[in-house]
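Here is a quick tour for someone meeting this protein for the first time. Have a look at the picture, then read on.

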Amino acid sequence: MYLILTLLRLSSMWASVIGILGNIQDDATTSDNRGMARGLIDRMNDYEFVFALHLMKYLLGITNDLSLVLQQRDQNIVQAMSLIDTMKSQLQDFRDEGWQIILDEVNNFCELNMIPVIDMEDSIAIRGNARRSRRGQTITNFHHYRVEIFCEVVDLIIQEMNNRFSEVSTELLSCIACLDPKSSFSQFNVQKLLRLADLYPEDFSSNDYLYLESQLRNYIYNVQRDPQFSEVGDLGSLAQQMVKTGKNTVFPLVYRLIQLALVLPVATASVERVFSAMNIVKTDLRNKMGDEWMNDCLVVYIEKDIFAIIENEQILQRFQRMKTRRMQLPPLRYSSATTINTSSVNQ
């Protein structure tokens, strides 16, 4: 989200950014700062930079909504499934028909900001291959921008989406979506939920599987006619309502499916958050920290919203009670009062 906002702000404040860099170039006291400002201005006035800016802005616009949904703690599986299908279709349509759209936007932007527009039919030396460059082999600007940049970047993103959301994972999410209680359980599908149980053989015995189909039919017939479930809007609330009404004991196999559906997206999101937090917690200065200490730091950082509501006094006293210590830690309130009194005496 932050990256796309940065790109949008840069394109909307282009003239102002160029002006500020020009002032830095004129007024900088060191040659390094002047050279850096000059280099940034030259780079921003390059057609290829503008092309890459608009291409990334467009691609991030397609993937941003899905990214935000997948980062939420309370994930809406049905919504995520819909966004995955939409995003894949949008990316493919953009690859097939988006070239001219991007080209027109880039050319208009360059003309508005007095950046030279290149001729797509002009020839340029092949980049990245010194041997071919020495032989004088060339390609057109059209080939460079259309094939080497546009198609290659879009294809990489499409391939990454297909790898991350493969047929197996998409099928799994599709099965989980059948448990969604919205619109009076309109997504409920017995066959897909049986398939979901197939994917977890360690959680369902052969006898459980034989009885599961009839329990699913009894369950959906019951909850669709129970007014206590008419206002339930997500899987978490559904699980709570089943426990509240005792239906978790009446339909234990269905409740087990709901538990699996709730655990899977949370576990996936937690893994993503751990890897992101690890780069922040384990820095170059902390590269020798042990696994246990790092795990403790990661838990505190990842769940900072929970730890923020815990009083420091509680943490201090819990630390004090963990084992016998030579010195008793004073309460924080006492420490604060002592500091205030000491300050008053000094004054």
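Is D42 buried or partly exposed? At 42% relative accessibility, D42 counts as partly exposed, where buried means under 20% relative accessible area, exposed means over 50%, and partly exposed is in between (1.4 Å probe, protein chains only).

## Before we go on

This is a predicted model, where local features need pLDDT of at least 70 and side-chain atom pairs count only at pLDDT 80 or more, while totals for chains, interfaces and linings use all residues. Residues are numbered from 1 along each chain as its sequence is written, and side-chain values use heavy atoms, with hydrogens and water left out.

## Charged pairs

Side chains of opposite charge can pair when their charged atoms come close. The structure holds 7 salt bridges, a salt bridge being a side-chain nitrogen of Lys or Arg within 4 Å of a carboxyl oxygen of Asp or Glu. One of them joins D42 to R38, at 2.6 Å from N to O. Both residues sit in helix α3, 4 residues apart, or about one turn of the helix. (Helices are DSSP runs of H or I, at least four residues, numbered from the N terminus.) R38 is partly exposed too, with a relative accessible area of 32%.

R43 and D46 also meet through their side chains in a salt bridge, at 3.5 Å from N to O. R43 has a relative accessible area of 43%, so it is partly exposed, and D46 is partly exposed at 29%. Then there's D226 with K247, whose closest N and O atoms are 3.3 Å apart. D226 lies in the loop between α12 and α13 (235–245), and K247 in helix α14 (residues 247–250), so this pair ties together parts that are 21 residues apart in sequence. Both D226 and K247 are buried.

W14, L21 and G22 are buried in α2. They cover an arc of only 105° around the axis, which puts them on the same side of α2; the arc is that of the directions from the helix axis to the C-beta atoms. The buried residues of α2 pack against α1 (2–12), α3 (31–44), α4 (47–71) and α6 (99–112). The face turned away from that buried side carries the exposed residues I20, D26 and D27.

M87 is part of helix α5 (residues 77–97) and is buried, at 2% relative accessibility. Leaving out residues up to four places away in sequence, M87 touches I62, T63, L66 and M161, contact meaning heavy atoms within 4.5 Å. M87 and N64 are 23 residues apart in sequence, with 9.6 Å between their C-alpha atoms.

Q215 belongs to helix α12 (residues 206–223). Its relative accessible area is 3%, so Q215 is buried. Beyond neighbours within four places in sequence, Q215 is in contact with V250, F251, P252, L253 and V254.

Notes
Helix = DSSP H or I, 4+ residues; strand = E, 2+ residues; numbered from the N terminus.
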